[in-house]
Amino acid sequence: MAQSSSDAATSKPSGPSIRKTSTYLVLYNQLSACLRIALLLRTVQLWSLYGQNTVWDELNAVARWAETLSALEIFHAAIGLVRASPATTALQVAGRNTIVWAITRNYPHVAAGELAYPLMLATWNAADAVRYLYFAVERGVGSGAVFNLLLWLRYNMFIVLYPIGILSEAKLVYEVIEPSKERNQMYQYLLWFGLSLYIPAFFILYGHMLSQRAKSRRKQKQAKAQD
């Protein structure tokens, strides 16, 4: 889940309520991290040993439901459980779910034959594994307990992974334009429109993550200055 730069203003819950919320978020992030790590390792294993077709055959259903589960993060942001922008979170969740439900699920022969599919899964799950681990530690122990390596990965890995992931998504959308004509000639225009949205979406989400990276670095400098 992407964190916004501002704190959500909510009424202060009672002590037991805070503990329950914290326990729920720690558990959610721990389970999500385990799921993403398992998906990442399995994607790499199948891809390296058997090729991209096997990645699709074995993981497409699990990948779809993993992304569906992430819709909970919109709810978390909307009710103030986390300091995140509901709009930014919804944009990313909706984009991924469109890929796994509307694009790859409806055109499995395209997804199975494209290098972009396992590449997309690998980048998604590598980034999310780090993200969920970071939040699990931060929520469970405190931000001061986050390992330096995990902190570095959280705010630097996306610089490479995000462009690879979004280009892989766009490649899959592009490749289904031609076969979509067999279903309905109008689909191609909807897909071209969807492709055009990747440009502003990239700048919005990438810019948001860069701002979070800058905020984290400022905090680190301030902490060092106080030591």
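Tutor: Happy to! A nonpolar core here is a set of buried Ala, Val, Leu, Ile, Met, Phe, Trp, Tyr and Cys residues joined through side-chain atoms within 4.5 Å. Keep in mind that this is a predicted model. The largest such core has 34 residues, and the members that touch the most others are Ile99, Tyr117 and Leu121. At least two residues of this core come from each of helix 1 (15–50), helix 2 (52–69), helix 4 (86–103), helix 5 (108–113), helix 6 (116–140), helix 8 (158–175) and helix 10 (187–226). Helix 10 gives the largest share, seven residues.

Once its neighbours within four places in sequence are set aside, Leu121 is in contact with Thr43, Val55, Leu59 and Ala63. There is also a second, separate core of seven residues, with Val146, Leu150, Leu151 and Tyr155 among them.

Now for the charges. Side chains of opposite charge can pair when their charged atoms come close. The model has ten salt bridges. One of them joins Arg36 to Glu67, with 2.7 Å between the closest N and O atoms. This pair links distant parts of the chain, as Arg36 lies in helix 1 and Glu67 in helix 2, 31 residues apart. Burial is counted below 20% relative accessible area. Arg36 has a relative accessibility of 2%, so Arg36 counts as buried. Glu67 counts as buried too, because its relative accessibility is 3%.

Glu67 has another partner: it forms a salt bridge with Arg96, where the closest N and O atoms are 3.4 Å apart. Here helix 2, holding Glu67, is linked to helix 4, holding Arg96, across 29 residues. Both Glu67 and Arg96 are buried.

For a further pair, turn to Glu114 and Lys171, which form a salt bridge with the closest N and O atoms 2.9 Å apart. Glu114 is buried because its relative accessible area is 16%, whereas Lys171, at 33%, is partly exposed.

Finally, follow the shared partners. Salt bridges connected in this way join Arg36, Glu67, Glu73, Arg96, Asp128 and Arg131 into one network.

Technical notes: Residues are numbered from 1 along each chain as its sequence is written. This is a predicted model: local features need pLDDT of at least 70, side-chain atom pairs count only at pLDDT 80 or more; totals for chains, interfaces and linings use all residues. Side-chain values use heavy atoms; hydrogens and water are left out. Buried means under 20% relative accessible area, exposed over 50%, partly exposed in between (1.4 Å probe, protein chains only). Helices (H or I, at least four residues) and strands (E, at least two) are DSSP runs, numbered from the N terminus. Contact means heavy atoms within 4.5 Å. A salt bridge is a side-chain nitrogen of Lys or Arg within 4 Å of a carboxyl oxygen of Asp or Glu.
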